[in-house]
Amino acid sequence: MSTTYDIAIIGGGIVGLATAMELTRRGRNSLIVLEAEDHVAAHQTGHNSGVIHSGIYYKPGSLKARNCVSGRQAMYKFCAEHGIDHENCGKVIVATQQSELPALDRLEQRGKENGLEGLRRLKPEEIKEYEPHTAGIAALHVPQTGIVDYIGVSETYARLVQEAGGTIQTNSRVKGFHPDGQEFVLDTPQGEVHCRNLINCAGLYSDRVARMCGVDPGLQIIPFRGEYYDIVPERQHLVNNLIYPVPDPNFPFLGVHFTRMIKGGVEAGPNAVLAFKREGYTWSFSPGDTLQFATYSGFWRMAWKHWRMGFGEIYRSLSKAAFVKALQRLLPELRIEDIHRSGAGVRAQALEPNGQLADDFRIKETAHMVHVLNAPSPAATASISIGISIADMAEKNFQA
Ligand SMILES: Cc1cc2nc3c(=O)[nH]c(=O)nc-3n(C[C@H](O)[C@H](O)[C@H](O)COP(=O)(O)OP(=O)(O)OC[C@H]3O[C@@H](n4cnc5c(N)ncnc54)[C@H](O)[C@@H]3O)c2cc1C
């Protein structure tokens with residue numbers, strides 16, 4: 001006789017695990033997390049920049065702004081309680097040309113509207129107090145930003161789920177779905193899993209999983225690879241903490257920046273290159289993934305609008321010299337020999353049929369199901385708060 005779980009969560013990334021942690025904390029422990037890979041945090045969560053974002057970038061009132069601010073506070077508290085490596089080191093956002101000053105003003109205003117206290121506007125000489133090797137014409141110091149080990153966070157969420165009676169099952173990619181009376185049946189390589197309720201937190205595959213479950217996601221996931229370089233140890237003194245550019249307001253990405261990592265070292269990146277494969281960590285190609293977005297009208301509308309930016313990113317991906325040039329705007333002393341290629345992450349970015357890159361988190365609720373369709377950055381920072389919101393939705397939808 002197979003078990004029927006109350007809740008199955010597809011995806012053992014930080015969002016699925018945070019949701020599982022909150023539901024089991026509420027006593028919903030007939031719960032299973034199904035993860036495709038042989039360990040949790042295998043994709044976006046385990047390949048990100050490790051930054052605890054402040055909430056400065058997001059439109060006041062948006063899900064991103066609300067969940068980032070409350071999630072950030074919860075993340076610091078959680079890490080302190082569970083002994084997870086983290087540091088509230090602050091960051092600077094640096095304008096290097098006059099044309100960026102209005103955007104820097106808007107960020108400062110946004111930060112204040114999102115409740116950030118202690119933001120400090122810096123003159124060129126004041127930037128040196130924080131980052132002596134950075135050049136800029138103005139900057140903003142954001143004290144709330146920090147760095148953390150998100151793999152450690154995810155593993156702790158998973159441990160708490162198991163301690164509360166929930167199950168984490170790896171090597172279990174969900175490949176099929178069908179309803180059976182009051183239940184759903186999920187096909188995995190380890191056999192069928194029966195559940196009464198379902199939560200889709202499948203990241204790069206969230207749109208496909210929604211469709212597999214008979215739900216129209218109304219958007220498509222487009223993978224954008226973010227490539228990183230490491231600064232060689234002898235030159236890491238050039239960066240104290242985190243140095244970011246003023247982002248282009250037309251894109252949901254933050255621009256290549258410098259990040260001191262909690263485990264040591266300094267990373268530069270990530271860029272944002274269209275990937276031709278959902279888990280395309282290098283220049284690789286999946287005919288199925290490419291065909292899927294090439295036949296999506298939203299993709300061509302996006303390509304038409306942003307082709308210049310897209311080619312710039314491809315050029316920077318292929319040319320180390322171009323990548324270094326972008327970084328030298330923030331750190332003029334950086335030389336080409338100071339960095340070497342390291343890893344990459346692939347962002348799951350939802351694209352609307354009209355060609356707009358979805359800016360906010362997107363969650364779709366149907367009877368007995370919740371589908372998390374867009375959970376890009378700062379979803380790791382915000383995970384505890386998003387987990388609470390998804391658990392609220394789940395408990396409402398799962399009553400029927
Ligand atoms: C390059 C990069 C840098 C980033 N930097 C930051 C940062 O500094 N700070 C921050 O807050 N955020 C950052 N983000 C964003 C953050 O990492 C993501 O928003 C977050 O990790 C999303 O978590 P997730 O659980 O939704 O997705 P994922 O971590 O991708 O997890 C989804 C999981 O679902 C599994 N899965 C997929 N399909 C199936 C299936 N059919 N069956 C079973 N399992 C399945 C996958 O194997 C995966 O483990 C960054 C992202 C990237 C890519």
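Predicted model: local features only at pLDDT ≥ 70, side-chain atom pairs only at ≥ 80, totals over all residues.

**The three-stranded sheet**

- The strand β8, which covers residues 146–148, pairs with β4 in the antiparallel sense, and two bridges join them.
- These strands belong to an open sheet of three strands, in which the order is β3-β8-β4 and the pairing is antiparallel.
- At the edges of this sheet lie β3 (51–52) and β4 (86–87), each of which pairs on one side only.

**The ligand and its shell**

- The shell around the ligand has 38 residues, and those that come nearest are E35, T45, V174, A375 and T381.
- A polar side-chain atom of E35 lies 2.7 Å from an oxygen atom of the ligand, while a backbone N or O atom of L34 lies 3.5 Å from a nitrogen atom of the ligand.
- For A380, a backbone N or O atom is placed 3.4 Å from an oxygen atom of the ligand.
- The ligand taken alone exposes 1000 Å², and the protein buries 97% of that area.
- Two elements, α1 (14–25) and β18 (339–351), are those that give two or more residues to the shell around the ligand.

**The second largest pocket**

- The second largest pocket holds about 530 Å³ of space.
- Its lining is made up of 21 residues, and V246, D248, G255, M309 and R329 are those that lie nearest the centre.
- Helix α8 (residues 297–318) gives the largest share of this lining, with three residues.
- The lining residues divide into twelve nonpolar, three polar and six charged.

**Backbone details**

- In general, most peptide bonds are trans, and most residues other than glycine have a negative phi.
- G269 and P270 are joined by a cis peptide bond with an omega of about -10°, and P270 is found in the loop between β16 (266–269) and β17 (273–274).
- A cis peptide bond also joins S377 and P378, here with an omega of about 15°, and P378 sits in the loop between β20 (369–374) and α10 (383–397).
- A41, although not a glycine, has a positive phi of about 60°, and this residue is found in the loop between β2 (31–34) and β3.

Methods: Residues numbered from 1 in each chain as written. Heavy atoms only, no water. Pairing = 2+ DSSP bridges. Helix = DSSP H or I, 4+ residues; strand = E, 2+ residues; numbered from the N terminus. Near = heavy atom within 4 Å. Polar contact = N/O pair within 3.5 Å; in protein donor to acceptor, adjacent residues only side chain to side chain. Areas by Shrake-Rupley, 256 points an atom, 1.4 Å probe, with all protein chains shown as cover. 1 Å grid on protein atoms, 1.4 Å probe; cavity = no way out; pocket = protein on both sides within 12 Å on 5 of 7 lines; lining within 4 Å. Points joined across faces, edges and corners; volume = space filled by probe spheres on them. Nonpolar A, V, L, I, M, F, W, Y, C, P; charged D, E, K, R; others polar.
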